[in-house]
Amino acid sequence: MKIVQQQTVGDVDVLELVQSQVPTPAAGELLVRIAATSVNPVDTAVRAGAFPLLGAPPFVLGWDLAGTVEQVGDGVENWSVGDRVFGMPLFPQQAATNAEYAVVPAAEVATVPDGMSDEQAAALPLVGLTAWQALVHTAKLQAGQRVLIHAAGGGVGHVAVQIAKALGAYVIATASESKIGFVRSLGADEVIDYRAQRFEDVVAPVDVVLDPLVGDITPRSASVLVDGGIITSLLDPDPGVVDQLIAAGKRFERIGVSPSAADLTSLAELVTAGTLSVTVSATFSLDEIAAAHTAVETGSTLGKVVVTI
């Protein structure tokens with residue numbers, strides 16, 4: 001089978017398309033023939049050495065996948081050969097989905113919703129699980145609450161807007177000018193061009209903030225947060241900022257996404273209900289994966305970048 005591996009960290013030219021043996025599933029595992037995967041910012045950061053999640057190379061990147069079950073390991077009773085599955089297996093360990101096949105825990109994938117393409121299914125897991133776990137499990141977002149979602153035109157952000165609306169929240173989003181129309185189309189109640197306006201000057205108090213950016217965004221977001229409100233962040237801010245939040249009677253939670261078949265199923269139910277879709281702005285083949293990484297790193301795309309296999 002073909003895989004994309006790297007022997008060292010660095011620019012996109014470290015990604016190599018090579019041949020490897022098809023793995024065999026152990027007990028409790030599935031062998032999945034991968035139809036599509038996606039590239040997330042975490043992939044590019046690990047590739048470049050900015051985020052040593054997998055330790056020293058060699059390694060194979062990729063966590064998102066959509067495909068069909070090719071072989072079932074011992075003890076697996078709820079999956080059959082030919083079933084369509086999607087997921088984000090093993091994160092933050094190596095899942096190696098930048099390949100034609102991958103072995104995954106049977107308990108960490110879910111059924112692809114009827115009518116959902118492989119490309120869309122592969123684009124959803126990491127960003128969908130991140131947004132769902134941040135808003136539902138960590139922030140416990142309720143109907144009628146107000147939520148501020150930063151970088152709403154990106155992968156996590158555009159899914160988070162739709163999840164928050166499905167939960168009945170009032171959604172305020174920030175985005176660059178070129179993405180404002182897109183974010184409005186997702187159902188955001190207010191969209192702010194963060195380059196033209198300082199959001200804290202125009203946003204009324206909110207109960208929840210989803211902050212994938214940190215930097216000065218975190219203390220600025222805290223200034224519009226109600227007492228007892230929560231900032232959920234994908235990155236670590238300055239420790240002093242967190243101390244100030246706590247002293248002001250507000251909460252901060254650094255979130256880390258985890259595989260969850262139950263949460264994937266919840267996302268699939270929203271897809272089936274027509275209240276959630278994932279936008280795929282660019283599609284590449286496996287031998288074009290370097291270009292896919294470049295597309296993610298430029299930050300110019302809406303939604304997600306997918307690699308078909």
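**Entry 1: the pocket.** I am working from a predicted model. I began with the largest pocket and found that it holds about 1,200 Å³ of space. I then asked which residues lie nearest its centre. They are Pro 41, Val 42, Val 156, Pro 212 and Leu 234, out of 41 lining residues. Next I looked up the elements that give two or more residues to this lining: helices H1 (41-48), H3 (125-138), H4 (155-166) and H10 (289-298), along with strands E10 (170-175) and E16 (304-308). By class, I noted 24 nonpolar, 13 polar and four charged residues in the lining.

**Entry 2: H1 and H10.** I turned to how these two helices pack, and got an angle of about 110 degrees with the axes 9 Å apart. Angles from 65 to 115 degrees count as roughly perpendicular, so I logged H1 as roughly perpendicular to H10. On the H1 side, I listed Pro 41, Asp 43, Thr 44 and Arg 47; from H10 come His 293, Val 296 and Glu 297. I sorted this contact into two nonpolar, two polar and three charged residues.

**Entry 3: H3 and H9.** How do the axes of H3 and helix H9 (residues 261-273) cross? I have them at roughly 100 degrees, coming within 10 Å. This pair is therefore roughly perpendicular too. H3 brings Pro 125, Gly 128, Leu 129, Trp 132, Gln 133 and His 137 to meet Asp 263, Leu 264, Ser 266, Leu 267 and Leu 270 of H9. My class tally for the H3 contact with H9 reads six nonpolar, four polar and one charged.

How values were computed. Residues numbered from 1 in each chain as written. Predicted model: local features only at pLDDT ≥ 70, side-chain atom pairs only at ≥ 80, totals over all residues. Heavy atoms only, no water. 1 Å grid on protein atoms, 1.4 Å probe; cavity = no way out; pocket = protein on both sides within 12 Å on 5 of 7 lines; lining within 4 Å. Points joined across faces, edges and corners; volume = space filled by probe spheres on them. Helix = DSSP H or I, 4+ residues; strand = E, 2+ residues; numbered from the N terminus. Nonpolar A, V, L, I, M, F, W, Y, C, P; charged D, E, K, R; others polar. Axes fitted to C-alpha atoms, helices over the stretch in contact; angles between N-to-C directions. Parallel < 35°, antiparallel > 145°, perpendicular 65-115°, else oblique. Contact = heavy atoms within 4.5 Å.
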